[in-house]
Amino acid sequence: MVMKTSSSRDQDRDNNARKADDGDEQFVASRLRDAAKQGLQLTAKVAVSSRAKRQNTGPPKPKAVANPGGLKKASKQIEPPPYDILGYLSPKDLLSLARTSKDFRSMMLARTTRVIWMASREVQNVPEPPIGFSEPRWAFLLFDNSCESCGAKNSRNIDWSLLMRTCNACKRKHLVCEQDPEFETKFKAHDSNLLEHLPFTRNRTPLDPIFRLTAFFWEPELHAMAKEWSARAPDSVKSPGSVEAFEKWKQSQKELIQSRIDLTPVYKTWQSRQEAEKEDQKDITRVEARFLELGYSLDDIRSCVGPWSEGIYTGSAKVTNASWARLRVKLEPDVQKARNKRVASEMKPLIDKRIGILKVVYQEHLATLHPSKRYCSPLVEYFWALPAISRLLEAQADVTITADDFRPIIHVVEDHIAEYRAGKLDSVAAELKLETPLSMAKQAANLARYVFECRRPAYEEPGLQLIGWRMIAEHTCFGGGRSFELRPGVLAPMHCTKVSLRRTASRVASKLIELAGFDPATTTVDDMDKRNPYFVFEQEHLLFQSRGYEVFTWRRALDQIEELSPWNSGVNGIFRLAKQGEVEWARMHAAALEDTAEAFVCGHCCDFYLSENATTKKIIAEHLRVKSSVYSRVSDIALAQHFSCDRHSITDPKPGEDITLNGLCRYRLETPCLIPWSLSENYIKCCSFQCTQLSDRFNLLGIDAHILKKCVIWTFINFSRDLCLTIMST
């Protein structure tokens, strides 16, 4: 027996596919023509019957003059749809398209449209066609419900061994086996060995006495195989290599039979899934009809009701009144959420516009408050949950909402502002484990040894560092991933009122307070701000930087400690108090920052209310001085956007009263001060574990020579200089 290599099998498969395209085009075309003829015959019968009735009842109407040529001409005027659109149709739809006219049939059965059938099959998750089947013929087998033998409709059974769709009558008529009495008489002239190379099935009829015990062959295929067997047999072909060719052909037939046996489970699984999806779709259609009766839109229903829905995938029967009562309880909440989400999405531009109107009214209200209360108030979105506010924000699109609608009810926010502040105090008390009144929690939050941050989920970056009650109260954000439900399916962001204690930074804060000469148990934030001490990293822990070293305020030192992960577990000995010369450098640096930092706000209005709107002292002073927003200078155009027509007319503003510091922007005034290195002092040592001069100290020029000539680790492994050097005290 001659065995095939994989390359020869692929070549044979391509040849078979090419032959299948040629043969199957004729097969499918004939089947489509037969279907068309049956439709015409049925139409003719109906027409004859109608004419007979008219003759019995009265004079016949004039007959319409047939115009086949005109129909043909009209059909040719129909332009075929683009190929990229056809690929999205199902194979069943492509078959229907091929039945519409001869032109479409020729186009869809041409070899050039093979890619369309393949794309359609892949979209529908249809298995690949077996050996000997073209794409159109495979689609015809799977999606056409007519018997391939007699053309009877509604033939649902496919014999996957024979790859044929036949009715029960044709199976009884055309399936034969060796145990049949007339088999030897009818096929005695054929070689019995050919049955080993012919596809067979073991399913003829359930009542057959030899059902599933033997092989049944399709009689027309058996006759065709007998003819081909005789034509290929060496006795008939008198040429060199005929025996090898015959054996090769028989081997290909056996492989064909085996491939069908192997793929039968795949086809059956696909068929079962298709039938289950059809049944589920019937249930879904019934459920959709029930929801449509309740007034829901079809888009909302289909967005959340499908084969995956509970009550559908579990295999519920027909949607009766009893089963619908159970299904509705499970499915209607999801449909309601889908409808609410859609409506909210459609209303979002209008709601954003109304929030802008509310923001203007809210800032008018805040302008009447003292700055200490004004900057501790939440953002306007915090009040969305209030019924009086939400009723106006979510009014129908045909209702006009203006500022006059919000002004009568803006007083309702006062109680909720107090509730917002109380929520932050509760969070502070919970973090510090205090069982005292809220006033005590406020005093504890003002202690300089406690460092807080806005509480956020683990997947978000750490929040802003908050020191003192003022920063905690003024901090407003929508962090923490929290939201409140306006109605089922519609969520709005919720202000983050929870804070967390930064424990490492708090331990460092206690150390800094001790270095400044205070008691950590009683020292407040104001005490540290009045003393305004400066700190430097202990030089044993400071990695080498070629530009110099930095001096920090006490707040920025706490920010910096979070970045030093190697020392997070132990905080002793990391900082020292800055020396007199370092303090002078830092104070000059702070004075320059105070004139340029955008950290100040107006103490009389809300034009610079949010931290992102804070600006410089100069702009605030100009804002307080002018009385009108009309400016002639181009440079003032950027300022004019903050001003309204009625201003303060203050020519001599007072710091802290007219010009105030936004507590959340204080870090803009406290950037580290960089002090350059001295070229002559020996304050650098090499910390390589292989260095032989660990006790030596170098200046900037000497350390370069040491690294390049003597330090082993620099020449053996190309380490960064920052890892090899440490600054030492002089």
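Mentor: Buried means under 20% relative accessible area, exposed over 50%, and partly exposed in between, with a 1.4 Å probe and protein chains only. The model is predicted, so local features need pLDDT of at least 70 and side-chain atom pairs 80 or more, while totals for chains, interfaces and linings use all residues. Residues are numbered from 1 along each chain as its sequence is written, and side-chain values use heavy atoms, leaving out hydrogens and water.

Trainee: Why is Arg-576 called buried?

Mentor: Its relative accessible area is 14%, and the limit is under 20%, so Arg-576 is buried.

Trainee: What makes Arg-576 and Glu-582 a salt bridge?

Mentor: A salt bridge needs a side-chain nitrogen of Lys or Arg within 4 Å of a carboxyl oxygen of Asp or Glu. The closest N and O atoms of Arg-576 and Glu-582 are 3.0 Å apart, so the pair qualifies. Glu-582, at 6%, also counts as buried.

Trainee: Why is Asp-404 called exposed, and what is Arg-407 called?

Mentor: Asp-404 has a relative accessible area of 53%, so it is exposed by the over 50% rule. Arg-407, at 37%, counts as partly exposed. These two form a salt bridge, with closest N and O atoms 2.7 Å apart.

Trainee: How do you know that Arg-165 has no salt bridge?

Mentor: Lys and Arg count as positive, Asp and Glu as negative, and His and the chain ends are not counted. The nearest side chain of opposite charge, Asp-144, is 5.9 Å away, and the limit is within 4 Å.
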